[in-house]
Amino acid sequence: MDEKYFPAKIERKWQERWAERGTFEVAPDDEKRKFYCLEMLPYPSGRLHMGHVRNYSIGDALSWYKRLQGFNVLHPIGWDSFGQPAEQAAIKQGVNPRDWTEDNIEQMKAQLKTLGIGYDWSREMAAHRPDYYKFDQWFFLKMLEKGLAYRKDSEVNWCPKCETTLSNEQASGGICWRCGSPVEKQNRPQWFLKITDYADELLADMSEIEDGWPERVLTMQKNWIGKSKGANVRFALSGSENTQIEVFTTRIDTIFGVNAIVLAPDHPIVEEHFESFESGVREKIVEIRAGQAKPVDYGEEVEKAGVATGLSAVNSFSSEEVPVWVGNYVLMSYGTGAVMSVPAHDERDGEFARKYDLDIRHVVMPVDEEAEGDVFTGYGKLENSGEWSGLDSKEAILSMTTHAETEGFGESAETYRLRDWGISRQRFWGAPIPIVYCASCGAVPVSISELPVELPESAPFTGVGESPLAKVSDFVNTECPKCGEAAKRETDTMDTFVDSTWYYYRYLDPQNGDAPFDKEAAEYWMPVDLYIGGIDHAVMHLLYTRFWTKMMRDIGLVSFSEPVNRLLTQGMVVGESFYSKDAESYVFADDVEIERDDAGKIVNARMKDGGGEVRIAVEKMGKSKLNGVDPDDMIEVYGADAVRLFVMFAAPVENELVWQESGIEGAVRFLQRVWRFVHKWRSSIASAPREVPNDLSKEAVALRRKAHQTAAKITESFESGQFNTPVASLMELSNALGDFKVETENASEGDRFAVSEAVRFLIIMLAPYSPHTAEELWEAVTNSETGIVESGGRFPVFDEEVAEESEIEIAVQVNGKLRSKVMAPAGADNQTLENLARADGKIADHTNGKEVIKVIVVPNRLVNIVVKG
RNA sequence: GCGGACGUGGCGGAAUUGGUAGACGCGCGGGCCUCAGAAGCCCGUGAUGGCGACAUCGUGGAGGUUCAAAUCCUCUCGUCCGCACCA
């Protein structure tokens, strides 16, 4: 052990040693309890950023903690290596996407190793390698067999900038989730996965995981699935024998207030009667269609527009004839694509009716008279509703639904916001969809034994038009698997969310060539015990992956329904940015001079050279803001251990983390302090007695107590998912060691024991945060070169008796105000505490001459004396 | 508009879940060491008043429940996030 702390040196040493010994490589072991710790796999952009560092530091901390408790910890990593940037690079720089991707993986892997994250690298996977995407295709075929994959000619979201289709989620709000461009609509045949088949289960099974998942993630998913209960009701189209218009409504109780049926502009009935409409109507419908196809900016409210088609329909409840309109606010993709318009009891219908001067008839009376305005959307008492008049809304809904069912023109129904998952992408860099189109046989699946359908080496990357695959004739032209005739391959590739939906199952059995993974491996390791990632994946990835697990259960691959027991959503890493008002641009922190007042509050910031005013803000890191921090630079200056320690200490994991260089300096100071202390005591520790000596000094007893209390606290924090406070506890323990004022040469047996115990505790509890430093210190005090885990180092189990304080400070209050503190033996009874409190001089001053009404005693805490007068 | 979360020193954040508010770190102030600096070490640091022991105030604001509230309840202000014609 060097006298001084040289992080680069020890970090290299231990990274090599871990690799040599395979410290983090694991295999199923029925003797040990398993723990599967997972972080969201990165896209191999080529550079690690601070968000990654945070993500992996959290995962590694918990992995170490569990490992040190004797768990068999699976902690893998891989690459989400299909996707647009590689293809963009191919278009812009003419590089081969495969080479580009492999290079980036190489670089990021090196960075991860420099960080010293304890991964089982033997299980690494990468989505773009055929041995992985073969099983994307395998799953697709299995789902096709099960009827869970289908092809449908459908309108898709098209991003003109990325030149690709987007899922509904990716196009949410009318803008591309990746580049922010407005999304257009296009019609084309698409492959879909039937996630909607699992909508109910995805909702119901939330009860299985609600203890371990953040409430807001489940709420977001719930809203996304958007289950809505109501009824379908059919209106007969006037003048037509058996054409009916079906509407979905949650408020069948308002059906006597219907003044019109409003159809989506692309409703089949509109299509069917289109030619019979007057020319003005046709024009208006075309206009509405165009308007709906246009993406809408966030927050922008679209004015309602519509046109009466001239058709009319009969309200089966009232026998009333109502006009049929087309409206721009009705969506074909939700419910039945038709609504019954009830302007008195629905805001949208009200707005529509006001604009076009349609009848407004109230059929539900508010029960409390608080309701104002002409539209009342609450529940109330029915009126003007035939035999249902007088009923409460809720009763009426039940009764009217039953009536519709009996009469055969309606039934209760459920509708979801969730759509099926469109997976077709007009891209090269993704898993080919294993389908062949044959002139006589149609769409024919490639047989499983022929997988993988490999991507060609390269393709012409022009950046425009169809998928590049369509231009690779060797790829496109093939034979029909069924009839052997010449046929063409599907040239769309799969959404990359397919790759990331099941990657963590591949870690369980990464070499398997016959199946995505071995069922027994999954039995041992799954479900994931802790999954850590950003909140931005709350809906898409995390909903897809829950769906995928249920699908795998149904094809017999796994025996459970939920893949992740506990989810931790980590906050962003942000940086301080400096904006020069004179230059009207961001400037580097180094060029800024900060002035503070006596309390340390920043009062002024100016440029060092010109003195121009500078505005300081905390913003997402970015090149343009000059506030990005490169993990490699930080590791070089402070060491990986200090970076990791700071990242964990600076904020609770779910919060934003403000990167501050002064903060990381504090982290290094702490590590150095620990280092110096261990260096000074290392031989005394090595020769310390193994058993507790009898003659412990008061100070030694206090040090032991602190060590055991720290172990108790940290264990509790880890178990509850708190990672910042343990660092504070470690610092306290380190401070207590620093306060232990015995020189090594005068240390008694008892002193050496207490110091040795506290130091070993400290080192092991430091390992989750700063593993290299902990390993080096451990080696210095134990002389074992195999590393902490292999040499049997275990997370300290605290001894309650040792941790217990013998004397406790008791707060004494008079009328709830703190007036004094007294020392009392631990566990003293209420009477003793009260007597002690009353005997205190300061308390007497506050109670003399007053009548004591009541005395409240909280054992080991406080005494509150309530007085009058 | 609907839904959700959160407001604690100059800053990041603690607080055994109703029981001594501000742990720990940063920043700031003072001191020791040093030729000097860096590093390190020691002391102080919520606000106001007082030489002081101490007193008063204090967890966005206003009420309330309680012997006792950062924590529970009501209202209110603010910040952030999600959804947004979903019938």
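Tutor: Start with one term: a polar contact is a pair of N or O atoms within 3.5 Å. Keep that cut-off in mind. Also remember that this is a predicted model.

Now look at Ala-650. A polar atom of its backbone is 2.3 Å from a sugar or linking oxygen of RNA strand B. That distance is within 3.5 Å, so the pair counts as a polar contact. Lys-817 points to another kind of atom. An N or O atom of its side chain is 3.2 Å from a phosphate oxygen of RNA strand B.

Which parts of the RNA do they meet?

Chain A has 869 residues, and 54% of them count as buried. Its secondary structure comes to 35 strands and 26 helices. Along the principal axes, the C-alpha atoms fill a box of roughly 105 × 85 × 70 Å. The chain is divided into five named parts: domain 1 (32-130 + 497-570), domain 2 (228-415), domain 3 (574-627), domain 4 (682-803) and domain 5 (807-868). Domain 1 and domain 5 have their C-alpha centres 57 Å apart.

Now go to the aromatic rings. Two rings pair if their centres lie within 6.5 Å. By this rule, there are 48 aromatic pairs. Take Tyr-65 and Phe-795. Their ring centres are 4.9 Å apart and their planes meet at 85°, so this pair is edge-to-face. Tyr-65 is in helix α2 (residues 50-68), while Phe-795 is in the loop between α23 (771-782) and α24 (800-803). The two residues are 730 residues apart, so to speak of one pair is to link distant parts of the chain. Both Tyr-65 and Phe-795 are buried.

Compare the rings of Tyr-504 and Tyr-531. Here the centres are 6.1 Å apart and the planes are at 50°, so the pair is tilted. Tyr-504 belongs to helix α14 (residues 496-506) and Tyr-531 to strand β24 (residues 530-534), 27 residues apart. Tyr-504 and Tyr-531 are buried too.

Ring pairs also build a cluster, and its members include Tyr-132, Trp-138, Tyr-198, Trp-421, Phe-497 and Trp-548. Rings can meet charges as well. The charged end of Lys-152 sits over the ring of Phe-192, 4.7 Å from its centre. Arg-489 lies over the face of Phe-475, 5.7 Å from the ring centre.

Arg-546 lies in helix α16 (residues 540-554). Its side chain makes a polar contact of 2.8 Å with the side chain of Gln-221. Helix α3 (residues 84-93) has buried residues too, namely Gln-84, Ala-86, Glu-87, Ala-89 and Ala-90. After α3 comes Gly-94, with a positive phi near 70°.

Finish with the backbone. Most residues other than glycine have a negative phi, and most peptide bonds are trans. Two residues depart from the phi pattern here. Asn-384 has a positive phi near 50°. Asn-384 lies in the loop between β15 (380-382) and α12 (393-407), and is partly exposed at 48% relative accessible area. Leu-626 has a positive phi of about 55°. Its loop runs between β30 (614-620) and α17 (631-638), and Leu-626 is partly exposed at 30%.

The bond from Leu-451 to Pro-452 is cis, with omega near 0°. Pro-452 is in the loop between β20 (442-445) and α13 (473-476). Met-526 and Pro-527 are also joined by a cis bond, with omega about -5°. Pro-527 sits in the loop between α15 (519-525) and β24.

How values were computed: Residues are numbered from 1 along each chain as its sequence is written. Chains are lettered from A and ligands numbered from 1 in the order in which they are written. This is a predicted model: local features need pLDDT of at least 70, side-chain atom pairs count only at pLDDT 80 or more; totals for chains, interfaces and linings use all residues. Side-chain values use heavy atoms; hydrogens and water are left out. Rings of Phe, Tyr and Trp (its six-membered ring) pair if their centres lie within 6.5 Å; planes under 30 degrees apart count as stacked, over 60 as edge-to-face and the rest as tilted. Helices (H or I, at least four residues) and strands (E, at least two) are DSSP runs, numbered from the N terminus. Buried means under 20% relative accessible area, exposed over 50%, partly exposed in between (1.4 Å probe, protein chains only). A charge sits over a ring if NZ of Lys or CZ of Arg is within 6 Å of the ring centre and within 35 degrees of the ring normal. A polar contact is a pair of N or O atoms within 3.5 Å; within protein, one must be able to donate a hydrogen and the other to accept it, and residues adjacent in sequence count only if both atoms are side-chain atoms. Domain bounds come from an automatic or database domain assignment.
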